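Student: I'd like to learn how to read a model like this one. Let's take it one question at a time.

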Amino acid sequence: MKIFHYLKFFLFHLIGLAALASLFAGGAWISYGLITLLLFYIVGDAISGDDTSTPDFAHPTILTVQLWMALPLLSLIMFASIWSVSDTDVFGIGAWLTQITGYDVLAARENTAWIHHISAFVTSGLMIGLIGTITAHELTHRTWDPISMLVGRWLLAFSFDTIFSIEHVYGHHRYVSTKEDPATAPRGRNVYFHILVSTLKGNISAWNIEKKRLKRKRLSLFGWHNAVIRGHLMSMLLVAAAYAMGGFVAMMFFIACMLWGKSLLEIVNYMEHYGMVRNPETSVQPRHSWNTNKRISSWSMFNLTRHSHHHAQGEVPYQDLKPYPDAPMMISGYLTTIVIALIPPLWHKLMTPKVLEWDSKYATTEELELVKEANAKSGIKAFQQSTSGNPLAKTQIA
């Protein structure tokens, strides 16, 4: 059974290859692929239960190389996505696929209705988030490994978000669940507003962090050493490649996919720490993140779901993260929770009781003072009318 614990983390490769196939197949196959993807995650997490296993991995290099494989896989997926809206057969890929499969992919592309192109857009953004951002999240935490950092930043370039490797590691992990953290959504905030605010403030924070680093090293702010500038140029190079492949329409389609992928990151940020409070002078504990151990999400997202342990010890590789079943739990798996977050009335209906439970079960006496302030500003009646929980009844997680 030990080999299974390695193989389960290759699930995301299979998902990516399925998305790649549906994009090249064109027409209704694109929409069928998207529907299958959504059902796989939402239904799969609902019926497969939790994964709380904590195996020992004697060969972690396998799992690192597996992460690196995300870059060529995502590149192929986005190539297929851009090709699907192009007028030319870039590199003759369509003719080649038709020859080896007997399926006329060029004719399928020509007959693809607009609704299926929308499905291609949604699928592509999901792949940027799943295969790009989630993998890059793990890789860019490995600041000691230049290969992982390089692969991670190129993955982030697909969503205009190379600044994530700066702001997330050196900003978010320091200030998580505080007012100083752009990625932490306060109580009552709308997810769509959060996408805009977190993106803007995250970029400003990354710039300031990089500015301090360059000043400390006595390097020019406006130059090649600036990782923020260098990262945005990486994204623009990808945009230029999309234009070279299919012209203006293909370029704009790719940019839309990139922005959708970036939005997914901010939606996930919104879910992971919504409504939580912490004094920035105190250490981050597992209780300062929403956790989930849903099996499909855990296997295909490199245990990002075990977010409570990740924030308590950010340097721990994903395969060694513990499930913390006593931590505050999300509504469900990640994709299910994303869908719910996109429907604000439903989100607040389901999350407000969870946040109030967090107050009574996890908040310290000091945090309860912050809770009062957050509740007053929330604009949500249930928060404003709540009384602070009993700090003697809270559960502490080691």
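Student: Which helix gives the largest share of the lining of the second largest pocket?

Tutor: This is a predicted model, where local features need pLDDT of at least 70 and side-chain atom pairs pLDDT 80 or more, while totals for chains, interfaces and linings use all residues. Residues are numbered from 1 along each chain as its sequence is written, and side-chain values use heavy atoms, without hydrogens and water. H11 and H17 (365-377) each supply at least two lining residues here (helices are DSSP runs of H or I, at least four residues, numbered from the N terminus). The largest share, four residues, belongs to H17.

Student: And which helix gives the most to the lining of the largest pocket?

Tutor: Four helices each supply at least two residues to that lining: H9 (146-157), H10 (164-175), H11 and H12 (227-273). With eight residues, the one that gives the most is H10.

Student: What separates the C-alpha atoms of Lys 215 and His 194?

Tutor: Start with the chain, along which Lys 215 and His 194 are 21 residues apart.

Student: How does Ile 35 count: buried, partly exposed or exposed?

Tutor: Ile 35 is found in helix H3, residues 28-48. Because its relative accessibility is 47%, Ile 35 counts as partly exposed.

Conventions:
Buried means under 20% relative accessible area, exposed over 50%, partly exposed in between (1.4 Å probe, protein chains only).
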